[in-house]
Amino acid sequence: VTFFISGKGVINLAHRQSKWTPLMQTSANLSDITSIRSFFEFRTLDPEGAVFYGDTKEGQDWFVLSLRDGIPEMQIGKADILVSVKGGRKLNDGAWHLLELRSEGKFVVLEVNNSVELIVGLHSKLAEDELTGKIRLALGGMLVDKQKLFHPFEPEMDACIRGGHWLNLSTPWDADSTWEPRPCFSEIKKGSYFPGTGVAVFNTSDLPGLKTEEAGITVEIFGSWTGTTLSLQSTGFEYVLRELEANKDVKEVQLGLKEGSESVAPPHEPATLTFTILKHSLVVNSKPKLETESLDLFSMWKNGMLLTFGGVPGDSEEAKNTHYLRGCLEKILVQGQVMDLDRALYKHTAVSSHSCPTEAMNELT
């Protein structure tokens, strides 16, 4: 099953099932192409990811525009040549920018807000001047193997595109049947937005480890939210830190364990939550909450537990009964390092890695 989408509307690049598979794509006969320029408005707070891809000869010659450190980067593969060029202003400032890509002979030009930012020249004696067959375009991913990249990057891009004109094509774009069109927030701010329907899961063996036993391992969360903040799971061990609204005036943080549960007063919103893992105990905002002499939590962290933000992963009864987190986590730190949800082992497609709405339901449709 395939969906057909207009390339001129508002397109949210963030919510897709597969890491490298484009959100949508289209193709045309090269003989039908009369314009070699594409332009569109683009907005993001994400520093890295795939934006726009094109190829001919079924991927033998290809091009991809991405961001790295917020700065545009173009990579081109043609015959025996690979080129990677990065430059221009940072685009991940949350503002709308007009991007134009065009071909001028052997050069590819990128304009941002009507100002030339990047020019890439490429010449191969092996390349054919006369092109026949089809041209393919894609958004938010690539149609060739990532191994072809000269400079690898993380493809996930939490961004929105609108007002697109793609060459001279008016044909609709194809999207996979698993794609769920999601609106773009009209105004955004930095953070990770959880709408109350999904989680982000990390394997702790991939995260920063222990520095000193006395300090332990700290997870700090800043933001405004309700629902389950995080959970920690390993074989035979599960810990859930959740915030439940008892009524409109009283909130409680319930620390759910397989053996039982307890409640403490929650931090005020906007909140700062500090979750500390010691060798035999867990501490929330400087208050000991779980002591377990039988478990070495440092070894479990190093060997790999599941640290989940926003709920409980899986299909267990505990997961089904989860009151998923709803709100904006402005920053998540593990051992002082900022967590990028694009690097998660698993992230629900409804969770926005790098942007929150400035108001709860402020959306572009």
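The largest cavity holds about 90 Å³ of space. A cavity here is a set of points, on a 1 Å grid over the protein atoms alone, where a 1.4 Å probe fits but cannot get out. Grid points are joined across faces, edges and corners, and the volume is the space filled by probe spheres set on the points.

Ground rules, quickly. This is a predicted model: local features need pLDDT of at least 70, side-chain atom pairs count only at pLDDT 80 or more, and totals for chains, interfaces and linings use all residues. Residues are numbered from 1 along each chain as its sequence is written, and side-chain values use heavy atoms, with hydrogens and water left out.

Back to that cavity. Its lining has 13 residues, and Arg43, Asp158, Cys160, Ile188 and Ser355 lie nearest the centre. Lining residues have an atom within 4 Å of a point. Strands E4 (37-44), E13 (159-165) and E15 (184-185) each supply at least two of the lining residues. Strands are DSSP runs of at least two residues, numbered from the N terminus. By class, the lining has six nonpolar, five polar and two charged residues. Ala, Val, Leu, Ile, Met, Phe, Trp, Tyr, Cys and Pro count as nonpolar, Asp, Glu, Lys and Arg as charged, and the others, Gly among them, as polar.

Next, the second largest cavity. Its volume is about 50 Å³. Ten residues line it, with Ala14, Glu156, Asp158, Asp342 and Lys347 closest to the centre.

Now, where do E4 and E13 sit? Both belong to an open, antiparallel sheet of six strands, ordered E2-E13-E4-E9-E10-E11. Two strands pair if DSSP finds at least two bridges between them. The edges are E2 (11-12) and E11 (115-121), each pairing on one side only. E4 and E9 (97-104) run antiparallel, joined by six bridges.

Last, the packing. The largest nonpolar core has 38 residues, and Phe42, Phe52, Leu65, Met74, Leu139 and Ile161 make the most contacts inside it. A nonpolar core means buried Ala, Val, Leu, Ile, Met, Phe, Trp, Tyr and Cys residues joined through side-chain atoms within 4.5 Å. Buried is under 20% relative accessible area, with a 1.4 Å probe and protein chains only. Apart from that core lies another, of 35 residues, including Ala200, Ala271, Leu290 and Phe298.

Methods. Buried means under 20% relative accessible area, exposed over 50%, partly exposed in between (1.4 Å probe, protein chains only). On a 1 Å grid over the protein atoms alone, a cavity is a set of points where a 1.4 Å probe fits but cannot get out, and a pocket is an open set with protein on both sides within 12 Å along at least five of seven lines; lining residues have an atom within 4 Å of a point. Helices (H or I, at least four residues) and strands (E, at least two) are DSSP runs, numbered from the N terminus.
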